[in-house]
Amino acid sequence: MMKTLIPLIVAFLINHVVIANGQLPPVNSTMERRTTDTCADPTLTNVFVQSYSPSKKFHLIQMRSEFADSLTKGNADFAFQANIFRAWNTAQPFTFPLHRLFNPTVNDYIFVLSTDGTVPVVAGYQENFIPAYIYSTQICNSIPLYAAALASATDHYYTTIQSERDDMVNRWGWTDAGIIGYVLPLHQGMQTRF
């Protein structure tokens, strides 16, 4: 009996010492399933770029390929400013459409999230198209997409870096336009600028 009891005691102690020393406990399949059940597949995301049109004086967010197409066809004079986030260019579970609206009177674009399936209504703006699908709340390792507006230039600027938005508001006179929605960072824990 003692020969049988000793291996059981040793196995019990090893199991508890490993867990107590910071090693991971056995996998919790309920937790893994919850992630799958509440997050869109991050491997299906694309990088979204912000650019600026010097002649028309507005910022846009879309995939680089869409800018390349516009530049090649002579539709605009965009200057790339930064890769700013990852998101989906088609509808995915748990995501919502990010509508791009255009105001032809002041030549301005804004981005508005729709969570109810309708096109957002903003006075003076008309729907242009849906460049991305993003989260409406901060889930699945997403980060806020901030907006700042400059009324004198009828321009809107977008960033995932809060201190950048705050600097534009506090130092350069832009207005805080809130959080548009939630996107995935370019790289885990890091923002890339070019």
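**Exercise 1.** In which sense do β7 and strand β8 (residues 155–159) pair, and over how many bridges?

*Solution.* The model is predicted, so local features need pLDDT of at least 70, side-chain atom pairs count only at pLDDT 80 or more, and totals for chains, interfaces and linings use all residues. Residues are numbered from 1 along each chain as its sequence is written, and side-chain values use heavy atoms, with hydrogens and water left out.

Step 1. Strands (E, at least two residues) and helices (H or I, at least four residues) are DSSP runs, numbered from the N terminus. Two strands pair if DSSP finds at least two bridges between them.

Step 2. β7 and β8 pair in the antiparallel sense, over 5 bridges. Within β8, Tyr157 is the bridge partner of Ala148.

Step 3. The two strands β7 and β8 form a hairpin with 4 residues between them. Thr154, in the turn, has a positive phi of about 40°.

**Exercise 2.** Determine the order of the strands in the open sheet that contains β7.

*Solution.* Step 1. β7 also pairs with strand β9 (residues 175–183), in the antiparallel sense and over 6 bridges. Here Thr175 of β9 is the bridge partner of Ala149.

Step 1. The open sheet has 3 strands in the order β8-β7-β9, with antiparallel pairing. β8 and β9 stand at the edges with a single partner strand each, so one side of each is left without a neighbour in the sheet.

Step 2. From one strand to the next, the twist averages 25° (axes are lines fitted to C-alpha atoms, and angles run from 0 to 180 degrees between N-to-C directions).

**Exercise 3.** Is strand β7 (residues 143–150) mostly covered or mostly uncovered?

*Solution.* Step 1. Buried means under 20% relative accessible area, exposed over 50%, and partly exposed in between, with a 1.4 Å probe and protein chains only.

Step 1. In β7, 7 of the 8 residues are buried, and the strand is mostly covered.

Step 2. For the chain of 194 residues, the buried residues make up 37%.

**Exercise 4.** How many helices and strands does the chain have?

*Solution.* The chain has 4 helices and 9 strands. Along the sequence they follow the pattern α-α-β-β-α-β-β-β-β-β-β-α-β.
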